[in-house]
Amino acid sequence: NQATNLGINIANKDRKKIAIVLPFRLNTIQTDSLSLAKNKLENDKLLTIALDFYAGAEMALDSLKKMNVKLDVKVYDTNNRESNSLDIANELLENETDVVIGPLMTKNFDALASKLSLSNIPVFSPLTKEVAFGSNVFQTRPNESFLEQKIINYIKKDSTAHIVILHDSKHEAVAKRLEKAFPNAKILTTNRNKKNGSDQFFIYEATLSNALNTGKNYVFLET
């Protein structure tokens, strides 16, 4: 495997208009109450994801600026609403934005990307794996089926490895697909209640240890 430095391949360093569109939902934060605002920041999972992503984006943008890439960056809050996303799309069209990152949520992303497709403005889906594809849509994360097949193909190249598939009752479908791909694999299931057969969602360490062979083992943990 080779690491690629994309920075050295940046040829066009003309000023670019970048939009970052995230679901901060700032309208739900009561700025006049420190305790309520702090509670919101600590317990709102969607806000936490948005803030974490924004922090990472700032680091990436800072790196680009150090490469003398000229950027005009605007940040927008969808409030996690489709109507807001469409309003933002109209503003991005008026501003002749070059690239859009986000929104995070599928419904909002699809609405904005569809609107911007009229001007073929590139829209990048940073986290969501299932989005409506268009000529202007770029998905930064592979969907589950693509990723699953890549992993299967990679492991199949190692004919000497021993395969163990450990799954619970909620993941029987994917376990069957893996068993079909690796017919010689050792299949383990999580423990069941002896009285009613319900899944207990755990497995004893000794059970797993006994399923492993000497040498290289690949364990699919589908739980």
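Predicted model: local features only at pLDDT ≥ 70, side-chain atom pairs only at ≥ 80, totals over all residues.
Reader: OK, so which residues of helix 5 are buried?
Author: In helix 5 the buried residues are Glu148, Ile152 and Ile155. They cover an arc of only 70 degrees around the axis, so they sit on the same side of helix 5.

Reader: And what covers those buried residues of helix 5?
Author: The cover includes strand 6, which runs over 162–167, together with helix 6 (172–181) and strand 8 (217–222).

Reader: Let's go to helix 6, then. Which residues are buried there?
Author: Val174, Ala175, Leu178 and Ala181 are the buried residues in helix 6. Their arc around the axis is only 120 degrees, which puts them on the same side of helix 6. The face turned away from that buried side carries Ala173, Lys176 and Lys180, which are exposed.

Reader: What covers the buried side of helix 6?
Author: Helix 5, strand 6 and strand 8 are included in what covers the buried residues of helix 6.

Reader: Which salt bridge does Arg177 form?
Author: Arg177 forms a salt bridge with Glu148, and their closest N and O atoms are 2.9 Å apart. Because Arg177 lies in helix 6 and Glu148 in helix 5, the pair ties together parts that are 29 residues apart in sequence. Arg177 itself is partly exposed, with a relative accessible area of 43%, whereas Glu148 is among the buried residues of helix 5.

Reader: Now a different one: why does Glu222 have no salt bridge?
Author: A salt bridge needs a side-chain nitrogen of Lys or Arg within 4 Å of a carboxyl oxygen of Asp or Glu. For Glu222, which is buried, the nearest side chain of opposite charge is Arg177, and that is 7.1 Å away, so there is no salt bridge.

Reader: Where is Glu222, and what is Glu222 in contact with?
Author: Glu222 is found in strand 8. Leaving aside neighbours within four places in sequence, Glu222 is in contact with Leu166, His167, Asp168, His171, Val174 and Leu178.

Reader: How many salt bridges does the count come to?
Author: The count comes to six salt bridges. One of them joins Arg15 to Asp72, with the closest N and O atoms 3.1 Å apart. That pair links distant parts of the chain, since Arg15 is in the segment before strand 1 and Asp72 is in strand 2, 57 residues apart. Another salt bridge brings together the side chains of Arg192 and Asp199, at 3.5 Å from N to O.

Reader: Last topic, the largest nonpolar core: which residues touch the most other members?
Author: Among the 15 residues of that core, Leu92, Val100, Leu112, Leu116 and Val123 touch the most other members. Strand 1, helix 3 and helix 4 each supply at least two residues of this core, and the largest share, four residues, comes from helix 4.

Key: Residues numbered from 1 in each chain as written. Heavy atoms only, no water. Buried < 20%, exposed > 50% of the residue type's maximum accessible area, 1.4 Å probe, protein only. Arc of directions from axis to C-beta. Contact = heavy atoms within 4.5 Å. Lys, Arg positive; Asp, Glu negative; His and termini not counted. Core = buried A, V, L, I, M, F, W, Y, C linked by side-chain atoms within 4.5 Å.
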